[in-house]
Amino acid sequence: MNFDKTFKALADGNRRKILILLKEKDLTAGEIAERFSISKPSISHHLKILKNADLVDDRREGQQIYYSLKMTVFQEIMNGFLNIFEGEDSDE
């Protein structure tokens with residue numbers, strides 16, 4: 001996992017809002033764009049960054065592409081933090 005890409009992706013408020021939407025259900029880029037006051041190309045750009053950070057997955061159904069949240073990445077992030085802090089106490 002590339003934590004730098006992950007945290008850079010999470011640093012943007014619009015991308016965090018997209019993740020919150022995807023937490024509820026899988027959505028197309030158009031459905032996501034309907035909930036924002038930014039352009040569809042901007043939404044596509046945000047989705048590309050989230051996908052490159054391995055935070056979202058996409059799947060094609062007919063002509064639609066649905067985006068979904070990848071919960072395993074968030075679990076890996078939490079485990080990474082736990083390992084950092086547990087590592088400090090492991091010598092005792």
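**Close-up views of a predicted model**

View 1. Helix 1 (3–10) and helix 5 (71–89) each contribute at least two residues to the nonpolar patch. Please keep in mind, as you look through these views, that the model is a predicted one. The patch covers about 590 Å² of surface and is built from Phe3, Phe7, Met78, Phe81, Ile84 and Phe85. Helix 5 is the main contributor, giving four residues to the patch.

**View 2. Phe3, a patch residue in helix 1.** Here we focus on one member of the nonpolar patch, Phe3. This residue belongs to helix 1. Its relative accessible area is 34%, so Phe3 counts as partly exposed, a class that lies between the buried limit of 20% and the exposed limit of 50%.

**View 3. Ser68 in strand 3.** Strand 3 spans residues 64–69, and Ser68 is found in this strand. Is Ser68 buried or exposed? With a relative accessibility of 16%, Ser68 is classed as buried, because the cut-off for that class is under 20%. If we set aside the neighbours within four places in sequence, the contacts of Ser68 are Leu22, Asp26, Leu55, Val56 and Asp57.

**View 4. Thr28 in strand 1.** Moving to another strand, we find Thr28 in strand 1, which covers residues 27–28. Thr28 has a relative accessible area of 7% and is buried. Which residues does Thr28 touch, not counting those up to four places away in sequence? They are Gln64, Ile65, Tyr66 and Tyr67.

**View 5. The whole chain, for orientation.** Read from the N terminus, the order of its elements is α-α-β-α-α-β-β-α. The radius of gyration is 16 Å, well over the 12 Å that the globule rule gives for 92 residues, so the chain is more spread out than a compact globule. Along the principal axes, the C-alpha atoms fill a box of roughly 55 × 25 × 20 Å.

**View 6. Surface and contacts of the chain.** Of the 92 residues in the protein chain, 28% are counted as buried. The accessible surface amounts to about 6400 Å², and 49% of that belongs to carbon and sulfur atoms. Among contacts between residues at least 6 apart in sequence, 54% link residues at least 24 apart.

Notes:
Residues numbered from 1 in each chain as written. Predicted model: local features only at pLDDT ≥ 70, side-chain atom pairs only at ≥ 80, totals over all residues. Heavy atoms only, no water. Patch = residues over 30% accessible without salt bridge, like charges linked within 9 Å, V, L, I, M, F, W, Y side chains within 5 Å. Areas by Shrake-Rupley, 256 points an atom, 1.4 Å probe, with all protein chains shown as cover. Salt bridge = Lys/Arg side-chain N within 4 Å of Asp/Glu carboxyl O. Buried < 20%, exposed > 50% of the residue type's maximum accessible area, 1.4 Å probe, protein only. Rg over C-alpha atoms; globule rule 2.2 N^0.38 Å. Contact = heavy atoms within 4.5 Å.
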